[in-house]
Amino acid sequence: MTIKDYLKDTISNCWALGHFNFSENDALRAIVESAAELKTPIFVGVSENERKHIGIKETIALVRAFREEFGIPIFLNADHHKNFEAVKEVVDAGYDAILADFSKLPFEENIKMTKQSVEYAKSKNPDIITEGELGYVRGESKIQTEVIEIKPEDLTKPEEAAQFVKETGVDLLAPAVGNIHGIVTNNSGTIDIQRIGDIKKAIGENIYLVLHGGSGLSELEFKNAIEAGVSMVHINTEIRVAFTESLRKTLQEMPEETTPYKVMAPSVLAMKKVIAEKLKIFGSVNRL
Ligand code: G3H
Ligand code: ZN
């Protein structure tokens with residue numbers, strides 16, 4: 001099945017694809033092993049900084065190797081690429097999907113830059129999946145203790161979403177619907193389920209919604225969001241936290257240990273636990 005086939009199926013059968021970020025081999029292995037054990041297709045993503053750390057060629061080669069080893073669909077996404085040169089690099093390298101994120105720009109500028117990215121991507125690879133972002137998703141993929149206030153003007157307006165997808169030609173849309181990047185310890189906000197439904201209605205059945213900032217959301221929020229029309233959910237911070245918390249604990253417990261794969265092994269298990277929990281909540285199990 002192609003990515004589009006899976007996206008279509010998420011709407012017909014009310015589930016969501018999991019998208020998990022990585023920046024080194026152990027997190028990628030944890031994502032792929034969890035997905036293979038649960039028999040689910042999977043998106044793996046790298047932001048500009050994440051892929052600078054691991055290397056563009058390396059991401060392509062690793063994902064290819066994992067596909068061969070595990071025999072499951074693994075789709076590689078260039079997550080939150082914020083300038084055209086960066087978009088070109090990953091398209092030329094052969095990524096399966098891109099998020100051309102110009103959401104910081106004014107509406108018309110966002111449309112212009114996203115459209116330019118989509119046109120370039122499709123001209124190089126007609127099968128590539130393109131995503132744009134509209135609205136302001138605050139925060140960063142880390143634990144955030146400060147109060148993050150979402151302003152009404154941050155949120156995506158359904159009528160603008162309709163215009164945005166029509167003019168840019170994106171396949172996927174990342175809206176701002178009360179979601180925040182990172183685990184926010186000081187946030188009483190919730191996901192605006194009604195808005196998700198309204199945006200989905202406005203953009204139509206062939207454009208799919210991606211919920212960013214999945215870390216820290218409740219099972220009920222995920223389920224309601226998926227029911228309202230979300231087809232993919234991004235998770236990053238919870239994997240990072242599982243990785244580093246486990247690593248700190250292991251280093252404390254084994255102060256003499258110097259073998260990298262021995263100190264990393266508990267971190268892989270901790271990441272796998274987080275990923276498997278999310279895949280189950282998203283209804284993504286046994287979807288191969
Ligand atoms: O694109 C990445 C995701 O939106 C990650 O968000 O760090 O809150 O899980 P998160
Ligand atoms: Zn994101």
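**Figure 1. Strand 7 runs parallel to strand 9.** In this predicted model, 2 bridges join strand 7 (residues 172-175) to strand 9. One residue pair can be picked out by name. Leu173 has Leu209, in strand 9, as its bridge partner.

Figure 2

**Figure 3. Three histidines supply the protein donors of the zinc ion (ligand 2).** The donor atoms are NE2 of His80, NE2 of His181 and ND1 of His212. They lie 2.0 to 2.1 Å from the zinc ion. In sequence, the spacing of the donor residues reads H-x100-H-x30-H. His181 belongs to strand 8 (residues 181-184). His212 sits in the loop between strand 9 (208-211) and helix 9 (219-228). The pair His181 and His212 therefore ties together parts that are 31 residues apart in sequence. Are His181 and His212 buried or exposed? Both His181 and His212 are buried.

**Figure 4. Phe84 and Tyr120 form an edge-to-face aromatic pair.** The ring centres are 5.8 Å apart. The angle between the planes is 80°. Which elements does this pair tie together? Phe84 lies in helix 5 (residues 84-93), and Tyr120 lies in helix 6 (residues 107-124). The pair therefore links parts that are 36 residues apart in sequence. Phe84 has a relative accessible area of 17%, so Phe84 is buried. Tyr120 is at 16% relative accessibility, so Tyr120 counts as buried too.

**Figure 5. Lys88 lies over the face of Tyr120.** The distance from Lys88 to the ring centre is 5.7 Å. Tyr120 is also the edge-to-face partner of Phe84.

**Figure 6. Tyr6, Phe43 and Phe75 make up an aromatic cluster.** Ring pairs link these residues. How many aromatic pairs does the whole structure hold? A search of the whole structure finds 5 aromatic pairs. One of the aromatic pairs is Phe84 with Tyr120.

Notes. Residues are numbered from 1 along each chain as its sequence is written. Chains are lettered from A and ligands numbered from 1 in the order in which they are written. This is a predicted model: local features need pLDDT of at least 70, side-chain atom pairs count only at pLDDT 80 or more; totals for chains, interfaces and linings use all residues. Side-chain values use heavy atoms; hydrogens and water are left out. Donors are N, O and S atoms within 2.8 Å of the metal (3.2 Å for Na, K and Ca); water is not among the atoms, so sites may look incomplete. Helices (H or I, at least four residues) and strands (E, at least two) are DSSP runs, numbered from the N terminus. Buried means under 20% relative accessible area, exposed over 50%, partly exposed in between (1.4 Å probe, protein chains only). Rings of Phe, Tyr and Trp (its six-membered ring) pair if their centres lie within 6.5 Å; planes under 30 degrees apart count as stacked, over 60 as edge-to-face and the rest as tilted. A charge sits over a ring if NZ of Lys or CZ of Arg is within 6 Å of the ring centre and within 35 degrees of the ring normal. Two strands pair if DSSP finds at least two bridges between them.
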